[in-house]
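Please open the model in your viewer and keep the selection tool at hand. The tour below goes from stop to stop, saying what to select next and what is found there.

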Amino acid sequence: MSEPRDEFDAIVVGAGAAGLYMLHRLREMGLTALALETGDGVGGTWFWNRYPGARCDVPSLEYSFGFSEELQQGWEWSEIMPAQSEVLAYLNHVADRFDLRRDIRFETRLSAATYDESARRWRLATDAGDVLSARFCVMATGCLSAPLRPDFEGLDRFEGDVHYTSGWPREGVDLSGRRVGVIGTGSSGVQCIPILAEQADHLYVFQRTPVYTFPADNAPLEPDFQSFVKANYREIRKKQRASDTGVSEHAQGALFSTPTRRLLDLSAVERAAALEDLGFGVVRSFADIRTETAANEIAVEMYREMIRRTIDDPLVAERLCPREHPIGCKRQVVDTDYFITFNRPDVTLIDLREGGIEAITPTGLRTTNGEYEFDVLVLATGFDAMTGALRRIDIRGRHDRTLASKWADGPRAYLGLLSADFPNLFTITGPGSPSVLSNMMHSIEQHVDWIADCIGHMGENGFDEIEPAVDAEDEWVAHVIDEADGTVWTAPSCRSWYLGANVPGKRRIFMPYTGGVKKYRAKCDEVVARDYEGFVFTRSGRTEPAPAGF
Ligand code: NA7
């Protein structure tokens with residue numbers, strides 16, 4: 001902190017990648033700004049998710065900021081896909097390089113934000129007892145930052161240790177000689193299971209839904225490739241902006257090349273050859289898997305065939321075979337040694353489709369089929385994604401309306417950036433933007449730049465408030481839903497966190513924007529070029545009409 005104060009031009013909530021860059025931009029503009037951060041360090045997702053095996057699924061050289069040439073030239077990555085510790089070290093480096101910590105209040109959680117209409121300022125209360133005020137409030141609260149804590153009967157009576165992957169102890173957990181039970185086989189479960197198996201005496205994996213995953217093929221970064229990327233960063237950043245996902249085609253490894261071949265064009269013999277060649281990678285290697293049900297079904301069968309080839313015990317293989325949902329409806333998982341882990345004699349797979357969890361017992365877990373004893377329970381059970389962190393804060397806008405009530409039937413925000421009745425409250429990578437469907441670093445940078453430019457525009461024009469016109473917001477929300485409608489992402493059998501379907505009682509609605517980062521950026525730029533079309537500005541109490549023609 002520069003100096004103790006409670007009034008700011010802007011308060012940023014969160015000191016992950018988004019909060020850090022936002023704070024930097026605001027300070028560069030000469031504004032007084034403060035970031036609030038629940039943790040005692042920067043890094044957000046990468047601060048909390050320290051479980052063994054935690055790793056980014058976007059190439060390091062692209063999962064990085066491009067706003068500072070010195071920063072992108074000066075940092076050396078060691079692997080194609082960075083481990084959690086390396087991303088966290090990078091974000092600490094960013095905080096140090098731009099001297100951000102002095103304006104971050106750590107171990108401080110925002111509990112309430114109320115808009116004072118007469119003062120046209122946000123009043124904020126923290127659980128540390130701070131009462132703060134700011135003209136602008138920027139929610140950099142993250143999309144996967146509100147962990148789901150399933151209400152398992154008996155959990156509080158478990159006599160062993162319980163650890164969430166999303167809150168893994170900083171000092172690590174010594175699992176040697178201990179029996180471990182893990183619930184959850186999403187990205188977090190898939191990443192930690194092979195390592196837990198190595199460390200534990202015995203590992204019990206409780207699987208509710210089998211996963212589609214394929215090898216990350218991570219490796220040390222070749223120095224020549226890193227030099228090539230650094231020499232060509234200008235071009236590579238341009239290609240990121242022109243892509244759907246915010247990842248350029250230069251990314252090392254096959255993971256991010258866009259498939260062009262069609263599975264349905266292959267004969268049976270050619271498919272068999274493709275399976276030999278691609279293995280589990282079949283799930284991402286054909287363009288029509290995402291668009292045609294018949295291709296998807298064939299790919300699912302090929303994937304199951306790979307499992308049967310890999311797993312020694314045919315019964316275990318069948319348990320690992322997905323049957324419920326198509327490939328591509330959930331976030332694609334990438335792994336290191338996931339399936340072969342189930343060939344170990346000290347790993348037991350429990351398929352919860354054959355008998356669900358009845359209770360956590362003092363010494364383990366009971367399903368309708370049997371009882372399992374272990375010393376440590378690991379919960380890799382996911383997050384209340386995209387809206388969870390915001391819903392957990394008591395945010396009140398005009399007329400004392402809460403954001404939680406406004407979003408009860410699904411998130412409503414124009415461009416995913418601002419929501420009507422909540423003036424000057426920006427959201428970085430919120431619902432209605434490409435966000436989690438893209439390289440987050442890229443999308444964070446785009447949003448932060450847009451927000452900073454918008455705040456600058458308001459300053460130049462003497463505007464006090466910005467908020468969306470209701471019709472512009474409604475049209476955007478309808479557009480986001482229309483774009484996702486009928487795609488594999490919204491398949492009726494899909495219970496993804498993109499749809500909020502993993503959270504009991506949450507309205508099922510597809511939250512991110514599926515149009516891709518190129519189209520989305522063009523729309524955001526066009527709105528600005530048309531004098532912030534669809535937004536309403538207020539100046540000294542007077543309302544500037546929403547520009548016509550939206
Ligand atoms: P995910 O992908 O939501 O995975 C959570 C896993 O936990 C998934 O296998 C769930 O099964 C399982 N789960 C959740 N609740 C329960 C209960 N009550 N009983 C049994 N199993 C349960 O979260 P991750 O942390 O792995 O990954 C989130 C994102 O972080 C990831 O996509 C990356 O972007 C990084 P289900 O599939 O719902 O049947």
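A residue counts as buried when its relative accessible area is under 20%, as exposed when it is over 50%, and as partly exposed in between, computed with a 1.4 Å probe and protein chains only. The model is predicted, so local features need a pLDDT of at least 70 and side-chain atom pairs count only at pLDDT 80 or more, while totals for chains, interfaces and linings use all residues. Residues are numbered from 1 along each chain as its sequence is written, and side-chain values use heavy atoms, with hydrogens and water left out.

Begin by selecting His399, which lies in the loop between strand 17 (394–396) and helix 12 (403–406); helices (H or I, at least four residues) and strands (E, at least two) are DSSP runs, numbered from the N terminus. Because its relative accessibility is 61%, His399 counts as exposed. Its phi is near 55°, a positive value in a residue other than glycine. Most residues other than glycine have a negative phi.

Now go to Tyr532, in the loop between helix 15 (517–529) and strand 20. Tyr532 also is not a glycine and has a positive phi, of about 60°. Is Tyr532 buried or exposed? With a relative accessibility of 3%, Tyr532 counts as buried.

Next select strand 20, residues 535–539, where 4 of the 5 residues are buried, so that the strand is largely enclosed by the rest of the structure.

**The parallel sheet**

Tyr164 has Leu379 as its bridge partner in strand 16.

Then select strand 8 (residues 179–183), which is largely enclosed by the rest of the structure, because 4 of its 5 residues are buried. Strand 8 and strand 9 (residues 202–207) run parallel and are joined by 5 bridges, and Val182 has Val205 as its bridge partner in strand 9.

Move on to an open sheet of 3 strands, which has the order 13-14-15 and antiparallel pairing. Strand 13 (357–361) and strand 15 (371–373) stand at its edges, and each has a single partner strand, so one side of each is left without a neighbour in the sheet. The twist here averages 15° from one strand to the next. Between strand 13 and strand 14 (residues 364–367) the antiparallel pairing extends over 4 bridges, with Ile357 opposite Thr367 in strand 14.

**A pair of helices**

For the last pair of elements, select helix 8 (residues 268–278) and helix 9 (residues 293–310), whose axes come within 11 Å and cross at roughly 50°. Arg271, Leu275 and Glu276 in helix 8 meet Ile298, Met302, Glu305, Met306 and Arg309 in helix 9.

**Two buried residues**

Finish with Arg27 in helix 1 (residues 17–28), which is buried, with a relative accessible area of 18%. Leaving aside neighbours within four places in sequence, Arg27 is in contact with Phe98, Asp99, Leu100, Arg102 and Asp103. Finally, select Gly39 in the loop between strand 2 (33–36) and helix 2 (45–48); Gly39 counts as buried, at 2% relative accessibility. With neighbours within four places in sequence again left aside, Gly39 is in contact with Phe47, Trp48, Phe106 and Glu107.

Key: Axes are lines fitted to C-alpha atoms, for helices over the stretch in contact, and angles run from 0 to 180 degrees between N-to-C directions. Contact means heavy atoms within 4.5 Å. Two strands pair if DSSP finds at least two bridges between them.
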